Amino acid sequence: MSATATRPGKVTALTYVRTAIYYVHIALATLAIGSWGLVFQALPHGRKGVHRVASRWSRQLLWAAKIWLNLRFEIRGMPPTGDCLIGAKHQSFFDILIIASLAPERAFIMKKQILRVPIMGWFAWKAGCIPIDREKGSEAMKIMLAEVRARQKGEGLGQLIIYPEGTRVHPGEKRRYKPGIGAVYEATGLPVVPVATNVGLFWNKRGYPIRSGVGVVEYLPPIAPGLSPLALVERLEAEVEGTSDRLMAEAGFTSKG
């Protein structure tokens with residue numbers, strides 16, 4: 001976290017080899033940590049144990065990225081530790097790992113299909129992640145909000161991570177922010193912490209190859225409860241996109257648009 005932001009390294013044949021080795025490491029680490037975590041953490045300790053496993057897993061993969069890929073990250077701002085919503089720019093799996101590693105009770109609003117992924121899906125559900133079934137159309141939002149309220153009244157939401165664009169985007173690509181985070185903001189009464197990033201310049205949407213360097217994740221000041229859902233979404237988009245553009249420019253990126 002003390003590394004200094006840099007420009008992405010050049011892609012060579014060795015970059016592809018290192019990326020392939022890293023993905024093998026991910027698979028083996030997920031199997032090993034998931035098996036250990038199920039027996040010694042999740043089953044005996046419940047949700048707290050699941051979060052210990054998630055912390056160890058995400059930090060292991062970030063460490064491995066440094067070893068195999070020479071890929072590091074810099075954190076700017078203050079990661080939240082209390083209950084809140086995190087509205088983040090989403091460029092790659094790298095930003096998921098970084099944000100998750102810094103949130104003690106992390107949970108995501110995610111596509112329902114992700115919960116079907118072996119090992120990861122089961123832990124995501126137990127950690128408090130909330131699925132959204134896009135095939136249900138207008139009913140999906142109602143079902144998701146009902147689950148959010150139920151979790152908040154139960155064990156609490158922790159740091160609920162939402163990607164307002166709805167999917168990973170390439171650096172420079174712009175998508176209108178979806179209204180869902182505004183609805184969750186209004187329903188929960190929680191602050192929203194905007195998070196900007198440039199990590200897609202190093203680990204792109206496709207995930208292959210992964211470049212060396214130092215990406216940045218920047219936590220901006222929280223947006224307090226009290227805005228209308230529409231005003232929240234507009235302010236969040238302006239802050240996250242403006243800061244992400246600045247971070248990408250620092251790393252040498254020039255938008256073709």
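**Close-up views of a predicted model**

**View 1. T243 sits in helix α6 (residues 229–250).** Helices (H or I, at least four residues) and strands (E, at least two) are DSSP runs, numbered from the N terminus. The model is predicted: local features need pLDDT of at least 70, side-chain atom pairs count only at pLDDT 80 or more, and totals for chains, interfaces and linings use all residues. Residues are numbered from 1 along each chain as its sequence is written, and side-chain values use heavy atoms, without hydrogens and water. T243 has a relative accessible area of 10%, so T243 is buried (buried is under 20%, exposed over 50%, partly exposed in between; 1.4 Å probe, protein chains only). A polar atom of the T243 side chain lies 2.8 Å from the backbone oxygen of E239. Neighbours within four places in sequence aside, T243 is in contact with A196, E218 and L220 (contact: heavy atoms within 4.5 Å).

**View 2. Y22 and Y23 form a tilted ring pair.** The structure holds 11 aromatic pairs. Rings of Phe, Tyr and Trp (its six-membered ring) pair if their centres lie within 6.5 Å; planes under 30 degrees apart are stacked, over 60 edge-to-face, the rest tilted. For Y22 and Y23 the centres are 6.2 Å apart and the planes stand at 50°, so this pair is tilted. Y22 is buried, because its relative accessibility is 0%. Y23 is at 30%, so Y23 counts as partly exposed.

**View 3. Y23 and W203 pair edge-to-face.** Their centres are 6.3 Å apart, with 90° between the planes. The pair links distant parts of the chain, 180 residues apart. Y23 belongs to helix α1 (residues 13–69); W203 lies in the loop between β6 (192–197) and β7 (213–219). W203 is buried, at 2% relative accessibility. One aromatic cluster takes in Y16, Y22, Y23, W57, F73, F93, F94, W203 and Y208.

**View 4. Helix α3 (residues 120–127) has G121, F123, A124 and A127 buried.** Down the axis of α3, these buried residues fall within an arc of 165°, so they line one face of the helix (the arc is that of the directions from the helix axis to the C-beta atoms). An α-helix has 3.6 residues a turn, so residues three or four places apart point the same way. The buried residues of α3 pack against α1 and β3 (106–111). Just after α3, G128 adopts a positive phi of about 105°.

**View 5. R151 lies over the face of W125.** The distance to the ring centre is 4.5 Å. A charge sits over a ring if NZ of Lys or CZ of Arg is within 6 Å of the ring centre and within 35 degrees of the ring normal.

Technical notes. A polar contact is a pair of N or O atoms within 3.5 Å; within protein, one must be able to donate a hydrogen and the other to accept it, and residues adjacent in sequence count only if both atoms are side-chain atoms.
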